[in-house]
Amino acid sequence: MESTVHHRFGVKSENTAKDEQGIPLISKYFNTKGRYEEVNPYLRQDILAVNRSILQPPSSQCREIHLTAIIRHGTRYPTAKNIKEMQQLHNIVLNNSIGEHSWLREILTQWTMWYNEDMDGRLVQKGVEDLKHLAVRLIRLFPSMISEEKLRGGLIRFITSSKDRCVNSTLSFKAALTEMWAIRDVEFGHEVNDALLRFFEQCTRFVQEVDKNQSAVIEVQKFKQGPEMMRVQEKIAEHLGVPSSFITYDLAEAAFFLCTYEFAVKAINSPWCQLFDEDDAKIIEYASDLREFWKRGYGHDINSKSSCILFHDLFSRLDKAANENKLGQQVSEAVTVQIGHADTLLPLLTLLGFFKDKVPLTSTNYASQTQRSFRTSHMMPYAANFLLVLYDCGEGGIRLQPLLNEKPLTFPGLTDQQVSMSLYEDVRKHYGDLLNGCDFETECQLFNNPAEV
């Protein structure tokens with residue numbers, strides 16, 4: 001199978017030392033704009049490598065009965081807003097720079113601004129490959145679940161957000177399966193469900209109280225104007241040889257994006273990357289994590305509660321699979337593949353209690369948060385994926401294994417167990433309050449301001 005896969009997907013074994021040279025030293029701080037290969041570096045040598053030994057059921061009796069994969073779309077172009085800022089920065093450099101660095105001369109004389117606003121967040125070729133490669137790795141990890149027989153039998157379901165980058169990621173994932181098994185006689189559909197995968201747009205309370213409310217992200221604003229970030233902006237201006245008043249936070253971020261996107265989209269270690277040392281990158285990473293924390297993570301209760309609809313959908317699917325299995329029936333939906341956004345995954349992971357630090361992220365505790373769990377560079381690269389695998393372990397009961405980016409996790413609060421996979425009934429008990437409450441309609445209702453009543 002190995003050679004077939006490598007041949008079919010055109011994967012070349014490249015010189016790894018050469019690869020490493022082409023990787024910016026700051027690439028591990030790219031937040032939600034990072035490559036999946038930076039989270040799992042072994043993939044740089046073999047993009048289809050899997051390690052089945054990470055799946056260690058408590059007994060040899062255990063067999064997989066259901067898999068849900070909630071996946072972020074693959075690598076995309078910058079948004080139109082980001083592209084405007086990148087163009088603005090490029091113009092400032094072209095018209096004002098008096099620096100002498102060789103990399104700066106390269107920006108001034110050789111580098112061209114090739115981004116245009118029509119690209120606006122669309123999936124790139126690398127993004128197509130991200131999803132194809134992920135699909136092949138999941139086949140290798142779960143061969144009894146993601147199989148030609150189950151695909152043809154209608155037991156694998158595909159659901160996507162309506163955004164082009166998600167639809168095209170879904171098509172790429174499906175293409176990998178049909179190419180793998182050379183299926184040409186049938187097409188497999190997918191459904192678009194924004195209520196499930198873009199719930200954050202449909203949760204009125206979240207939109208009003210957090211998304212469109214500047215005071216909800218006051219910690220982010222304070223950090224952007226704080227001493228750490230000001231120092232980064234001054235260094236960028238100095239390196240570029242432009243007046244420091246020209247480099248705002250948005251333009252400093254645009255410079256960082258020029259480094260991150262060149263690498264994510266084209267695998268180029270761009271001259272723009274030379275603007276930043278590791279300390280600068282960590283500060284910009286923290287500014288971005290602060291934003292995600294206060295807009296999608298633990299900063300406000302409604303951030304995670306907005307994902308109640310996805311949470312209930314997930315558990316109703318797991319319940320159904322467990323019940324069908326208990327009755328000796330074939331599980332009617334063996335695999336569910338849902339493709340959405342970083343904004344789909346982060347609130348759900350937060351609702352489930354993953355990556356929660358003892359102390360919230362604020363504008364003043366950058367120095368003490370260097371070892372924080374809530375780090376989107378590790379959690380949420382392009383093609384990030386949250387997998388939930390349900391096992392029937394015979395007398396050992398039904399068990400549930402969560403994985404993020406192909407690495408096993410343990411459910412928060414269920415870590416004292418002697419085995420790697422929690423009993424499904426224990427997981428249900430643990431999240432009992434959310435299963436019985438956490439109603440999307442109620443949580444997302446905008447309550448009138450008492451002063452207006």
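Where is the place of Asn405? In this predicted model, Asn405 sits in the loop between strand E6 (398–404) and strand E7 (407–408). I begin with this residue on account of its backbone. Asn405 has a positive phi of about 55°, although it is not a glycine. With a relative accessibility of 1%, Asn405 counts as buried.

Phe355 counts as partly exposed, because its relative accessibility is 23%, whereas Asn405 is buried.

Let me turn to the strands. Six of the six residues of strand E4, residues 335–340, are buried, so the strand is largely enclosed by the rest of the structure. Both faces of E4 are covered: one side carries Val335, Val337 and Ile339, and the other carries Thr336, Gln338 and Gly340. As for the neighbours of E4, strand E1 (residues 63–72) pairs with it in the parallel sense over six bridges. Within that pairing, Ile70 has Gln338 as its bridge partner. Strand E2, residues 156–160, also runs parallel to E4 and is joined to it by five bridges. There, Ile156 stands opposite Val335.

I now come to the nonpolar cores. The largest contains 108 residues, and the members that touch the most others are Leu89, Leu240, Phe311, Phe315, Phe386 and Leu390. Helix H14 (residues 249–266) supplies the largest share of this core, with 13 residues. A second, separate core has 43 residues, among them Ala69, Leu134, Val136 and Val335. Val335 is also one of the buried residues of E4.

What is Leu390 in contact with, leaving aside its neighbours within four places in sequence? Its contacts include Arg63, Ile65, Leu318, Ala322, Ile398, Leu400 and Tyr424.

In helix H11 (residues 204–211), Arg205, Phe206, Val207 and Val210 are buried. The buried residues of H11 pack against helices H10 (199–202), H15 (278–295), H16 (301–305) and H22 (440–444). In helix H8, residues 164–180, we find Ser172, which is buried at 5% relative accessible area. Beyond its neighbours within four places in sequence, Ser172 is in contact with Leu123, Val128, Leu131 and Lys132.

Finally, the cysteines. How many disulfides are there? The count comes to four, and their pattern along the chain is 1-6, 2-8, 3-4, 5-7, with bonded cysteines counted in order. I shall describe three of these links.

Cys62 is joined to Cys393, with an S to S distance of 2.0 Å. The torsion about that S-S bond is about 115°, so the disulfide is right-handed. Cys62 lies in the loop between helix H3 (36–39) and E1, and Cys393 in the loop between strand E5 (385–392) and E6, so the pair ties together parts that are 331 residues apart in sequence.

Cys259 is joined to Cys273 at 2.1 Å. This disulfide is also right-handed, because the torsion about its S-S bond is about 95°.

By contrast, the link of Cys308 and Cys438 is left-handed, with -85° about the S-S bond. Cys308 is in helix H17 (residues 308–326) and Cys438 in the loop between helix H21 (432–436) and H22, 130 residues apart.

One cysteine remains to be mentioned. Cys166 is in no disulfide, and the nearest cysteine sulfur, that of Cys203, is 19 Å away. Cys166 is buried, with a relative accessible area of 0%.

Conventions. Residues are numbered from 1 along each chain as its sequence is written. This is a predicted model: local features need pLDDT of at least 70, side-chain atom pairs count only at pLDDT 80 or more; totals for chains, interfaces and linings use all residues. Side-chain values use heavy atoms; hydrogens and water are left out. Buried means under 20% relative accessible area, exposed over 50%, partly exposed in between (1.4 Å probe, protein chains only). Helices (H or I, at least four residues) and strands (E, at least two) are DSSP runs, numbered from the N terminus. Two strands pair if DSSP finds at least two bridges between them. Contact means heavy atoms within 4.5 Å. A nonpolar core is a set of buried Ala, Val, Leu, Ile, Met, Phe, Trp, Tyr and Cys residues joined through side-chain atoms within 4.5 Å. A disulfide is a pair of cysteine sulfur atoms within 2.5 Å.
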